[in-house]
Protein chains: 2
Amino acid sequence: MNKFDVTILGCGCAVPTNDHLPSAQVVDVRGKLFLVDCAEGTQLQLRRNRIPFHNISAVFISHLHGDHCYGLMGLLATFSLLDRTKPFHVYAHPDLERILKPQLDYYCRDLSYEIHFHAIDTSAENLIYEDRSVEIRTLPLCHSVPCCGFLFTEKQGLRHIRRDMIDFYGIPHYDINSIKEGADWVTPEGEVVANERLTTPPDPVRSYAYCSDTAYDESLAMRIKGTTLLYHEATYCEDLLPKAQKYKHSTAAQAAKIAQLAGVGRLLIGHYSKCYTSDDVFLKEAQGIFPETILAKENMRIEV
Amino acid sequence: MNKFDVTILGCGCAVPTNDHLPSAQVVDVRGKLFLVDCAEGTQLQLRRNRIPFHNISAVFISHLHGDHCYGLMGLLATFSLLDRTKPFHVYAHPDLERILKPQLDYYCRDLSYEIHFHAIDTSAENLIYEDRSVEIRTLPLCHSVPCCGFLFTEKQGLRHIRRDMIDFYGIPHYDINSIKEGADWVTPEGEVVANERLTTPPDPVRSYAYCSDTAYDESLAMRIKGTTLLYHEATYCEDLLPKAQKYKHSTAAQAAKIAQLAGVGRLLIGHYSKCYTSDDVFLKEAQGIFPETILAKENMRIEV
């Protein structure tokens, strides 16, 4: 199975507590690291989790509330202090570039690397990034400012070689790649050996949806149908539903309903309000509706 | 003795490590809290040290390098999320206001309190703050950007009442305050009782000097003569003296020499470079010159 995991750097709400840090995650797809949101403390959390700064290629910012982006300036400056040369990509609402540029000009006159800003349209479902391993799409969310989630979808991997059959037919090394890609093989005698005899199917394609911050929105469920792992904010429990509605956040029950509607594999909840002294109430409420719910915690690494 | 202590929130250098956070301290003078520098993570450290956000009345920023001020935006936003109403004062180079204002306008449209920016001249020794407990002065420092330290000097306290003498003369309650302030007392019979018979001297005046970041500068020693406690940066040890000179930082030995020249009570060192794996080398080097040296550590509280 190719590497595809998520490390939680922070899963708290806007006001920091002793239990949680504000939002930031690292998504690792086959060794390539993508940062999702970048709250204050992100670079400290990267250190704590021994995540190599140089392997982070881009950051995806869901929206411009401070608890999702105040850590970016410090991280960009540290990249330069560490003599980064590889360009770094920032995917965010276009206002972020306008806000960050004067700070970069002031604090980091001689950056050791280039920053490429990519303005995203948070209101549309767009493919915003693609490489040979993964596609990343925006997921429009319903919040008090323009906001979107991100859907990471693995690219279909290669078929798995059946070592015994390769040996049986004495297939040379240089034909292996095309067989992995699905080609049949022709023996020196002209006999066609079907690919299905030589390989087993590729691993199923996995996907990870990051959805924070958002009010309850059933249209989201349609967009993330069958996602392997869904991170959905659960700022409140049902006892504070009016607060959730007022501030355009979700309750744990609502996150679970979205997971159920979308038929996802597992649900990961976070963005806990400081109004609650224990996180277990979120888990209990969500699992009542969607049993495959997991509580996000700082420094947790979870396989997609 | 009146309260006068320093809590170290961060005493590392620009690049965060697993051992240290960047610069921030809280100075507590008789229950009034002053923040000195405000690196990324300051608000998280305030929480960890259970320091009440509402009691912080001002921040003093030594210079506009990110490792001394990136945490300010988050802190100002959190004050508002916590419904602060008391004004907050920011003492810093005037550029800080210019850099922060657009961010405040964008992220915190409806601040619950007022922020007063006080532009300081880092090149002069000025009294920039005064209340009935403390005076705060700038200390020009020698760094790669305009930079100053801060000298906190307690105001002379009141004389201590000798309870036995008050009882002996039957002095009424309403005369105590003026006696504490140094007045003699006149008996109903017209006899003058000298204040010295009724009181003992006030506590000695204490002072705390925060000096970071700075190259070795003997003129600083003259300005902080006899200071009770000196925090002086010690980014490197003597083995990296050329680096210290290049980046306008100090070695532990240089910090100790300043402490010695100034005849301070105790020296607290910090701002350790990530080039060293242990802090003990800093302590050893400094104590060789100035034995009364203490290593700063995160979450340490030290009486002045």
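How do α2(B) and α3(B) lie to each other, parallel or oblique? I began my notebook with that one.

**Entry 1: ground rules**

I am looking at a predicted model, where local features need pLDDT of at least 70 and side-chain atom pairs count only at pLDDT 80 or more, while totals for chains, interfaces and linings use all residues. Residues are numbered from 1 along each chain as its sequence is written, chains are lettered from A and ligands numbered from 1 in the order in which they are written, and side-chain values use heavy atoms, with hydrogens and water left out.

**Entry 2: two helices of chain B**

I looked up helix α2 (residues 72–81) and helix α3 (residues 95–107) of chain B, and found them packed at an angle of about 45° with axes 11 Å apart. Helices here are DSSP runs of H or I with at least four residues, strands are runs of E with at least two, and both are numbered from the N terminus. An axis is a line fitted to C-alpha atoms, for helices over the stretch in contact, and angles run from 0 to 180 degrees between N-to-C directions.

My opening question is settled: α2(B) and α3(B) are therefore oblique to each other. For the record, angles under 35 degrees count as roughly parallel, over 145 as roughly antiparallel, 65 to 115 as roughly perpendicular and the rest as oblique.

I also noted that α2(B) passes α3(B) in a right-handed crossing. Right-handed means that the near helix is turned clockwise from the far one by less than a right angle, and left-handed means anticlockwise.

Which residues of α2(B) and α3(B) meet? From α2(B) I listed B:Leu72, B:Met73 and B:Leu76, and from α3(B) I listed B:Leu96, B:Leu100, B:Gln103, B:Leu104 and B:Tyr107. The residues of this contact divide into 7 nonpolar, 1 polar and no charged. Contact means heavy atoms within 4.5 Å. In these classes, Ala, Val, Leu, Ile, Met, Phe, Trp, Tyr, Cys and Pro are nonpolar, Asp, Glu, Lys and Arg are charged, and the others, Gly among them, are polar.

I stayed with α2(B) and checked its burial. Of its 10 residues, 9 are buried, so α2(B) is largely enclosed by the rest of the structure. Buried means under 20% relative accessible area, exposed means over 50%, and partly exposed is in between (1.4 Å probe, protein chains only). Among the buried residues are B:Gly74, B:Leu75, B:Ala77, B:Thr78 and B:Phe79. The cover over the buried residues includes β3 (32–38), α1 (42–48), β4 (56–60), β5 (88–92), α3 and β6 (115–119) of chain B. After α2(B) comes B:Asp83, with a positive phi near 60°.

**Entry 3: a helix pair in chain A**

Next I turned to helix α9 (residues 252–262) and helix α10 (residues 280–287) of chain A, which pack at an angle of about 40° with axes 8 Å apart. α9(A) and α10(A) are therefore oblique to each other, and α9(A) passes α10(A) in a right-handed crossing. I saw A:Ala252, A:Ala253 and A:Ala256 of α9(A) meeting A:Phe282, A:Glu285 and A:Ala286 of α10(A). By class, this contact has 5 nonpolar, no polar and 1 charged residues.

**Entry 4: how the chains relate**

I found a cis peptide bond between A:Ser212 and A:Asp213, with omega about -5°. A:Asp213 sits in the loop between β14 (207–211) and α7 (218–223) of chain A. In chain B, a cis peptide bond joins B:Ser212 and B:Asp213, with omega about 0°.

A:Arg50 is not a glycine, yet its phi is positive, near 50°. I placed A:Arg50 in the loop between α1 (42–48) and β4 (56–60) of chain A, and it is exposed, with a relative accessible area of 67%.
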